[in-house]
Amino acid sequence: MGDHRTPTPGVLGVEVGRSAVRGVRVDGDRHEIVAVAEVPYSQPGIDRDGVIEPSVVGVALDTLVVALGVSARSDVRTGLTIGPRNAGVGSGPKMAGWLGAQATRLAQPFVCAGGLGVAFVPIRSIDQAVKTAFDIGLDLHRVDLAPVATARAIGEQVDDLVCVGSGRGWQARMRDFEVLEAMENQQVGADEPVRIVGQNGAYTIARYGWIDVSPDLLHSGQVDVAGLATAVGAAIGVLYESPANLLDGKVIGGAAPAVRHDARRPAEPEFRPEPTIQLSAVQVPERVTVPPDDGGGQVTHRLAGSADRSAARPATRPATAATNPSGSGWGEDRVTEDDPINLFSPDTDEHDILGRSRFPSGLLAVLVLLTVVAAGLGAAYLFV
């Protein structure tokens, strides 16, 4: 008898970067990347706040889908990443109130989603992403904040700083395979491939977690592992229904935008920020600058040779280029070190990170004393 199993729909992971869209197509049954492509914008497609211009990005995205070998767009589930200004990941008991104040200041609501760490993004950025996908007939299943998707592609716990450029420069920290803190870092190039920066220097990834690259594609030399990490992370998010899908998020400071096409928006999850402590921005070595885009909208299949992702990416940790603390914060109108989000620090005790407050020492001492007294009274009663 033949095999009558229904094939699992394919998955597209798409990064909407500063100068180009980058994408991967994943076989839904084998969980293998079977195609990759990049399409630069013919003109600026992202405004100064990192918000998509659908008429420009849509053209590049349409070309990208064709380059990835998609014939029927309804047969693929798409995950897309964005990296707008005034976004990030944080936690803390005052976060909801702070985001409400930010929404008032910016005159637009925020969307929040996540597990241990909560990603927050101005709602207009998500609305434009949904519109762009709808206009070209994509079945949009999730929208991710870029550094969250990037960390997901690493596939292992990383205690060092994760840096990537996607829309703007980002730095992120992980805990238990989730991003607990992500913030803008102007020392990271706006289209810089992922790299991990620790006390002993910077290194990058050589493979992905949770997903494979098909042997034919791997042998073709078309896969730039570090350069595609953000797009791959979006695809992994679709395959495994990972946390922090902004299409499923809670809206703070206003109403949700109109839902277009198949972009699903189920019941909003409970927003439960976790108390942690603050981390300031860190200076990272080897800042990458993005050359002017002269691609004219041409598709680039060999991502390893693309101009905007061609920075040096050492495979192992060098002996130099250690990080140095910096007080640069989030920038003039972004989150600063004085904001009450209480971001993650690797030095924080795990009980504090997870919001499990310790037993107060004073109360503990009183309980111990009462226990001793009770035991003494009990003994006296038995022997008198």
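This is a predicted model: local features need pLDDT of at least 70, side-chain atom pairs count only at pLDDT 80 or more; totals for chains, interfaces and linings use all residues.
**Entry 1: helix H1**

Residues are numbered from 1 along each chain as its sequence is written, and side-chain values use heavy atoms, with hydrogens and water left out.

For my labels, helices (H or I, at least four residues) and strands (E, at least two) are DSSP runs, numbered from the N terminus. Buried stands for under 20% relative accessible area, exposed for over 50%, and partly exposed for what lies in between, with a 1.4 Å probe and protein chains only. Contact is taken as heavy atoms within 4.5 Å.

After H1 comes Gly 69, with a positive phi near 80°.

**Entry 2: the whole protein**

I stepped back for the totals. The protein has eight helices and 17 strands, and buried residues make up 53% of its 384 residues. Of the contacts between residues at least 6 apart in sequence, 74% join residues at least 24 apart. The accessible surface comes to about 17,100 Å², with 53% of it belonging to carbon and sulfur atoms; the area is from the Shrake-Rupley method with a 1.4 Å probe.

**Entry 3: the six-stranded sheet**

Next I traced the sheet. It is open and mixed, with six strands in the order E8-E4-E1-E2-E3-E14. Its edges are E8 (139-145) and E14 (212-213), each pairing on one side only. I call two strands paired if DSSP finds at least two bridges between them. E4 (residues 76-82) and E8 pair in the parallel sense over six bridges, and Arg 77 has Asp 139 in E8 as its bridge partner. Helix H3 (residues 123-135) packs on the sheet, touching E4 and E8, with its direction at about 145° to that of E4. For such angles, axes are lines fitted to C-alpha atoms (for helices over the stretch in contact), and values run from 0 to 180 degrees between N-to-C directions.

**Entry 4: helix H6**

H6 (residues 229-240) lies across E1 (10-16), E2 (20-27), E3 (32-40), E4 and E8, running at about 140° to E1. Why call H6 largely enclosed by the rest of the structure? Because 11 of its 12 residues are buried; among them are Ala 229, Val 232, Ile 236 and Leu 239. The end C-alpha atoms of H6 are 16 Å apart, which agrees with the 16 Å that its 12 residues should span.

H6 is followed by Glu 241, whose phi is positive, near 50°. Ala 244 sits in the loop between H6 and strand E15 (250-252). Its phi is near 70°, a positive value in a residue other than glycine. Ala 244 is buried, with a relative accessible area of 12%.

**Entry 5: Asp 191 and its loop**

Is Asp 191 buried or exposed? It counts as buried, at 0% relative accessibility. Asp 191 is in the loop between E11 (178-184) and E12 (195-198). Its side chain makes polar contacts with the side chains of Ser 19 at 3.2 Å and Arg 22 at 3.0 Å. By polar contact I mean a pair of N or O atoms within 3.5 Å; within protein, one must be able to donate a hydrogen and the other to accept it, and residues adjacent in sequence count only if both atoms are side-chain atoms. Gly 17 is 174 residues from Asp 191 in sequence, yet their C-alpha atoms are 6.5 Å apart.

**Entry 6: strand E12**

I ended on E12. Arg 195 and Val 197 point one way, Ile 196 and Gly 198 the other, and all are buried. E12 pairs antiparallel with E9 (residues 161-165) over three bridges, with Leu 161 opposite Val 197. Three bridges also join E12 to E13 (residues 201-203), again antiparallel, and the hairpin between E12 and E13 passes through two residues.

How values were computed: The expected span of a helix is 1.5 Å times one less than its number of residues.
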